[in-house]
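Here is a friendly briefing on a model for you to explore. Please keep the 3D view open while you read.

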Amino acid sequence: MAVTVSGLYVPTWLDILDLTQLAVDFDAETHKIALFSNTITPNYSTDTAYAVAPYNANEITGTNWAAGGVLVTTTTMTESPAGTLMFDAADVTVANATFTGARFGLIYANSLAPKAALCGVNFGADYSPNAGTFTIQWAAAGIFALDITP
Amino acid sequence: MNLETLEKKFREAKDEYAKDKSDANHDKYRKAKLRFTDARREQKQAEENDENHPRGKGLVVVTNGEDN
């Protein structure tokens, strides 16, 4: 089992776009990011939500990083560049953090029930801060981008 | 206009739109969000291009402590 790629969750997007009309506001200030170890194997075709398998085990917690994770703030969904939807947010920064083996971040809609999985982020390596400042710095091109006018 | 001001204007426009979903407020919200997002993207791009800035060092960075 291992994290190999980042991705968006097909079940969530189907629910947003079909009769389900899942009410995901990508500009909301209530989304959170939880951390997981490299023990999990995300499946972007079947995984649905935080606290639902595989995201109901192997979560990383520690000092200044509780279960459930932290808020992802100043979120925006905009057209950037033309023809592309870009989801972006402020960098996630937690000072004086101590935890072990964070390999994967799950961004989820904490205001919904169940807490719909929005985006999985592969860190590429394990991170284990020891009373350090842990920062996830989103790229200039955003957390993810959907080119809908190729 | 600096990034902090653009963010403030975006948040204000968003709050107004949340209260009153008029076409005018929708337009203001979209424009304020775009101005803020464009400015934030430009700032991040400048940081990524700066070899001395942590943003160029990767997605996750641990500082002021140990990364075991």
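A contact here means heavy atoms within 4.5 Å of each other. This is a predicted model, in which local features need pLDDT of at least 70 and side-chain atom pairs count only at pLDDT 80 or more, while totals for chains, interfaces and linings use all residues. Residues are numbered from 1 along each chain as its sequence is written, chains are lettered from A and ligands numbered from 1 in the order in which they are written, and side-chain values use heavy atoms, with hydrogens and water left out.

**Chain A overall**

- Chain A has one helix and 12 strands; helices (H or I, at least four residues) and strands (E, at least two) are DSSP runs, numbered from the N terminus.
- Starting at the N terminus, the order of elements in chain A is β-α-β-β-β-β-β-β-β-β-β-β-β.
- The radius of gyration of chain A is 15 Å, close to the 15 Å that the globule rule gives for 150 residues, so chain A is as compact as a globular protein of that length. That radius is taken over C-alpha atoms, and the globule rule is 2.2 Å times the number of residues to the power 0.38.
- The C-alpha trace of chain A spans about 45 × 30 × 25 Å along its principal axes.
- Of the 150 residues in chain A, 53% are buried, where buried means under 20% relative accessible area, exposed over 50% and partly exposed in between (1.4 Å probe, protein chains only).
- Among contacts in chain A between residues at least 6 apart in sequence, 73% join residues at least 24 apart.

**Chain B overall**

- Chain B has two helices and two strands, and they follow the pattern α-α-β-β along the sequence.
- The radius of gyration of chain B is 17 Å, whereas a compact globule of 68 residues would have one near 11 Å.
- Along its principal axes, the C-alpha trace of chain B spans about 50 × 25 × 15 Å.
- Buried residues make up 26% of the 68 residues in chain B.
- Of the contacts in chain B with a separation of 6 or more, 30% are between residues 24 or more positions apart.

**Helices to look at**

- In chain A, helix α1 (residues 10-17) has the buried residues P11(A), T12(A), W13(A) and I16(A). Their cover includes β1 (7-8), β10 (115-127) and β12 (144-147) of chain A.
- In chain B, helix α2 (residues 23-49) has 27 residues that should span 39 Å at 1.5 Å a residue, and its end C-alpha atoms are 39 Å apart, which agrees. The expected span is 1.5 Å times one less than the number of residues.
- The buried residues of α2(B) include Y29(B), K33(B), F36(B) and R40(B). What covers the buried residues of α2(B) includes β6 (76-79) and β7 (84-88) of chain A, together with α1 (3-19) of chain B.

**Two residues up close**

- K14(B) lies in helix α1 of chain B and is buried, with a relative accessible area of 18%. Leaving aside residues up to four places away in sequence, K14(B) touches D27(A), A28(A), E29(A) and Y29(B).
- M77(A) sits in strand β6 of chain A and is buried, with a relative accessible area of 15%. Leaving aside residues up to four places away in sequence, M77(A) touches F26(A), D27(A), L85(A), M86(A), F87(A), F144(A) and K33(B).
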